[in-house]
Amino acid sequence: MKKLMFMVVLTGLFLLLVTSILKMPALGSLNNPSYNEVSHYYLENTIEDTSAPNVIAAVITDYRAFDTLGETTVLFTSIAAVISVLQISHKNHNKKKVEKHHG
Amino acid sequence: MDDLIVKTIIRLIVPFIQLYGIFIILHGHISPGGGFSGGAVLGASIILYTLSFGLKKASKKLPHKVSQVMESGGILWYMFVGLLGIIFGGSFLANKGAGFFMGEAGNLLSAGIIPLLTIGIGIKVASTMVTLFHTIIEED
Amino acid sequence: MEVLNSIIEHINYIGAVALFVIGLYTVLTHTNLLKKVIGINIMETSIFLFFVSIGYVHDGVSPIINLGGDRVIYVNPLPSALILTGIVVAVSITAYSLSLIMKLYEAYGTMDIDEIMELRSEATNE
């Protein structure tokens, strides 16, 4: 029953999203508004500015290198969070064992 | 997993996977790829080794201390290269403005700080993947 | 006929929306926490597909400059560069939520959110 209700609601959401998405500019046309002057600038000036043929590498490590620094910080934070969550019990178990031995 | 065929094949195949990962990282600025994808390939090779040989042998190959140094070292190297831009008279993470060696487009030794940053990102991503996997399966 | 043509022109976007709804359905209906994480990952993938499809251009090649060759049409490089950040964040979120689920399993002995809620309410009632 609950699943049926979710299905009806999500079908409604799907139809809503599809009707709005059909008004977007067509897939793969050159006149797409996302293919704007920023992309043209990157494609035309990358060789001159960075002399790296791979435009994506130039964007993520030269034009927007600060963004990539934040990205590495995200990785660092995630690993710090995972280790801080998972290593607590180990230390507690060790302490308990030590206490038991002492007791 | 205690299977002779799997172990033999993994032992044969892991060096080639690592070589491919290093190739992707070093050629990040002239061909498809870069630090993230190459680091993922490198990390996946060590995860493959862990899956077939067990955690004990794998953590002998890549001890926790080494991967800790690699993790902090990757991000510190990135910041250090960024600060070099300030020292040479540009802004933070400046490439051409700070007068790094640009070279000719298409050569391996070119593009200023891009290969240096890519190597840092590759080390960071590889060690992060390995450490996450080892930490999650460490529970006995 | 016009609607059919429009659907064919936007087929990638519709696929992204379908993936998003499937992921949302998985998150909402399953009580197992691992399956919820899988649903969140499906939703993330749908967003990546949507973003990368925006950058696609017909007859375009990947944005690696053709040195000394003819002038060709390149695919938009910006969405691909931006989505790299999204993939990294997705991996971090997945790892963190998996570790939290492992802690919950250690504490309660189950991964089912309803059973965990029952255990918690029993513990508070006592």
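Modeller: What follows describes that interface in a predicted model, and then turns to the neighbouring contacts and a few single residues.

I begin with the extent of the interface. On one side, 42 residues of chain A take part, and they are in contact with 46 residues of chain C. Together the two chains bury about 4200 Å², and carbon and sulfur atoms account for 76% of that area. Three leucines of chain A stand out: Leu10(A), Leu22(A) and Leu27(A) supply 15% of the area that chain A buries against chain C, more than any other three residues.

Several helices of chain A contribute to this side. Those giving two or more residues to it are α1 (2-21), α2 (37-50), α3 (55-63) and α4 (65-86). Sorted by class, the side of chain A that touches chain C consists of 30 nonpolar, seven polar and five charged residues. Between chain A and chain C the count of salt bridges is zero. Polar contacts do occur there, with nine residue pairs counted, both residues being at pLDDT 80 or more.

Chain C also touches chain B. Here nine residues of chain B are in contact with seven residues of chain C. The area buried between these two chains is about 680 Å², with 84% of it on carbon and sulfur atoms. The side of chain B that touches chain C is made up of six nonpolar residues, two polar ones and one charged one.

As for chain B itself, it has five helices and zero strands. Its C-alpha trace spans about 55 × 30 × 15 Å along the principal axes. Chain B has 140 residues, of which 44% count as buried. Among its contacts between residues at least 6 apart in sequence, 58% join residues at least 24 apart.

Chain A and chain B are joined by an aromatic pair, one of eight in the structure over all chains. The ring centres of Phe66(A) and Phe92(B) are 5.8 Å apart and the planes stand at 80 degrees; because planes over 60 degrees apart count as edge-to-face, this pair is edge-to-face. Phe66(A) belongs to helix α4 of chain A, while Phe92(B) sits in the loop between α4 (64-87) and α5 (114-137) of chain B, so the pair joins two chains. Phe66(A) is exposed, at 57% relative accessible area, and Phe92(B) is partly exposed, at 28%. Within chain A, one aromatic cluster is formed by Tyr41(A), Tyr42(A) and Tyr63(A).

Two loop residues complete the picture. Ser51(A), in the loop between α2 and α3 of chain A, has a phi near 50 degrees, a positive value in a residue other than glycine. Ser51(A) has a relative accessible area of 6%; it is therefore buried, as the limit is under 20%. Asp59(C) has a positive phi of about 60 degrees, although it is not a glycine. Asp59(C) lies in the loop between α3 (33-54) and α4 (77-108) of chain C. With a relative accessible area of 71%, Asp59(C) is exposed.

Conventions
Residues are numbered from 1 along each chain as its sequence is written. Chains are lettered from A and ligands numbered from 1 in the order in which they are written. This is a predicted model: local features need pLDDT of at least 70, side-chain atom pairs count only at pLDDT 80 or more; totals for chains, interfaces and linings use all residues. Side-chain values use heavy atoms; hydrogens and water are left out. Contact means heavy atoms within 4.5 Å. Buried area is the accessible area (1.4 Å probe) that two parts lose on being put together, summed over both. A salt bridge is a side-chain nitrogen of Lys or Arg within 4 Å of a carboxyl oxygen of Asp or Glu. A polar contact is a pair of N or O atoms within 3.5 Å; within protein, one must be able to donate a hydrogen and the other to accept it, and residues adjacent in sequence count only if both atoms are side-chain atoms. Helices (H or I, at least four residues) and strands (E, at least two) are DSSP runs, numbered from the N terminus. Ala, Val, Leu, Ile, Met, Phe, Trp, Tyr, Cys and Pro count as nonpolar, Asp, Glu, Lys and Arg as charged, and the others, Gly among them, as polar. Rings of Phe, Tyr and Trp (its six-membered ring) pair if their centres lie within 6.5 Å; planes under 30 degrees apart count as stacked, over 60 as edge-to-face and the rest as tilted. Buried means under 20% relative accessible area, exposed over 50%, partly exposed in between (1.4 Å probe, protein chains only).
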